[in-house]
Amino acid sequence: MTSTAPAGPTAAIPPIPDAGQAQARILRVLVASQVLSGAGLAAGVTVGALLAQDMLGTTSLAGLPSALFTAGSALAAVAVGRISQARGRRPGLAAGYLGGAIGSAGVIAAAVLSNPVLLFLALFVYGAGTATNLQARYAGADLAQPNHRARASSTVLVATTVGGVAGPSLAAPTGAFAESLGIPNLAGPFLLAGIAYALAAIVLTRWLRPDPLLLARTLAEREAANADATADTAGTREGRGGVVPGTLVMILTQLVMVAIMTMTPVHMHDHGHGTAASGLVIAIHIGAMYLPSPLTGWLVDRYGRLAIAAASGITLLAAGVLAALAPGDSVALLALALGLLGLGWNFGLVAGTAIITDAVPLATRAKTQGMVDVAIALAGATGGMASGIMVAATSFPVLALAGGILALAVLPAVAATAYRR
């Protein structure tokens, strides 16, 4: 008779990848996908309002496309968050980008058929790409140490700059290419968007291994089983009060940024500027939204989440004032204003993301982050819809100034949080 020795701990528990090496690989893959998705999200920003204005013949509804794809991103944020919570970041993010690709194809079909209803439905679906682009920042922080979370998420954000800046700059050539295919000029950037989002989904599906959220859970469970790992849990409990202020900071910055950004191309078009000029201004804006991310992440980790959140409100005020005072024929001043607008948004997003990640435990992290991004998306939808109505009723300078003043609401929220601590 032979006896079999009981399997030891090593045989019972499969090996786990080294967290540091896995984090480095995950960040590389996320960066690659963000470069692609950045080009995808830029299409709607650059020509979405102009396409609606051209199809409907009115400025009052020019903010509707931004509102629709932002509202679509709200629904997608829930879906991506829930899929990520249940199955991991890889399937969640890939599904979101695939939705963005399908929406892009729908926009092109709507432009060819000159069908506003199909356009609006397609823009709603297109919003899935926007939501997923933002959700990816959370994946970058899943395996990061607490004092490096802002820098990890900002590394993912900055990768969007390449595609985000290139996308608007390609508005004119992609429009010309679309015309050669019998597609309306303004739908051209959505050709690029559809391809970019589809490629981003493929990159994540193929190479985002190990899954950062699933590995982070496994490591946490291993630590809990082998030691009294209370440090991160204690920190999580202490930070749970940060969900509300972190969300509020990102809601306000999103609302103000989307409102002013949406109507800038329309404002420039009304003053005789072409697609190339508005594309340049939006490219500078998107670059300012993402390019400073590594520096912002370092500032957030070094000087604190609340200090940089406060800086976002002040920067957005400066952007609103400058946009209101800039002459309509001055591309340079409008570009500077939109650059400050993007920078203020970046400060708020990186600081708010770090606050939320600190505050939420791994067991519910992806689901909660998805719900937070729903609130952010709804704020953007509100800003996009209200912007067109407000400009039609008043003027672009009034909209810009009102947005800058509204951004100052970040300051009392930050002050109240600092007082409670």
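**Entry 1: the loop at P210**

I looked up P210 and found it in the loop between α8 (188-207) and α9 (212-226). I am working on a predicted model. What is the peptide bond from R209 to P210, cis or trans? I read omega near 0°, and the bond is cis. I noted the general rule beside it: most peptide bonds are trans.

**Entry 2: the loop at S114**

Next I went to the loop between α4 (89-113) and α5 (116-141), where S114 sits. I checked its backbone angle. Phi of S114 is near 50°, which is a positive value, and this residue is not a glycine. Most residues other than glycine have a negative phi.

**Entry 3: the whole protein**

I stepped back to the overall picture. How many helices and strands are there in the protein? I count 18 helices and 0 strands. The protein has 421 residues, and 56% of them are buried. I also looked at contacts between residues at least 6 apart in sequence. Of these, 86% join residues at least 24 apart. The exposed surface comes to about 16,300 Å². Carbon and sulfur atoms supply 69% of that surface.

**Entry 4: helix α12**

Is α12 mostly covered or mostly open? It is mostly covered, with 12 of its 16 residues buried. Among the buried ones I listed A277, V281, H285, M289 and Y290. I also wrote down G279 and G287, which are buried too.

**Entry 5: the nonpolar cores**

I kept one general point in mind here: in soluble globular proteins, nonpolar side chains tend to be buried together. The largest nonpolar core in this model has 106 residues. Which residues have the most contacts inside it? They are L30, L119, L123, F190, L341 and F396. Helix α15, residues 331-359, gives the most to this core, with 14 residues. Another core lies apart from the largest one. This other core has 7 residues, including A74, A76, A131 and V374.

**Entry 6: F396**

I finished on F396. I left aside its neighbours within four places in sequence. F396 is then in contact with I260, M263, T264, H267, A323, L334 and V391.

Definitions and conventions. Residues numbered from 1 in each chain as written. Predicted model: local features only at pLDDT ≥ 70, side-chain atom pairs only at ≥ 80, totals over all residues. Heavy atoms only, no water. Helix = DSSP H or I, 4+ residues; strand = E, 2+ residues; numbered from the N terminus. Buried < 20%, exposed > 50% of the residue type's maximum accessible area, 1.4 Å probe, protein only. Contact = heavy atoms within 4.5 Å. Areas by Shrake-Rupley, 256 points an atom, 1.4 Å probe, with all protein chains shown as cover. Core = buried A, V, L, I, M, F, W, Y, C linked by side-chain atoms within 4.5 Å.
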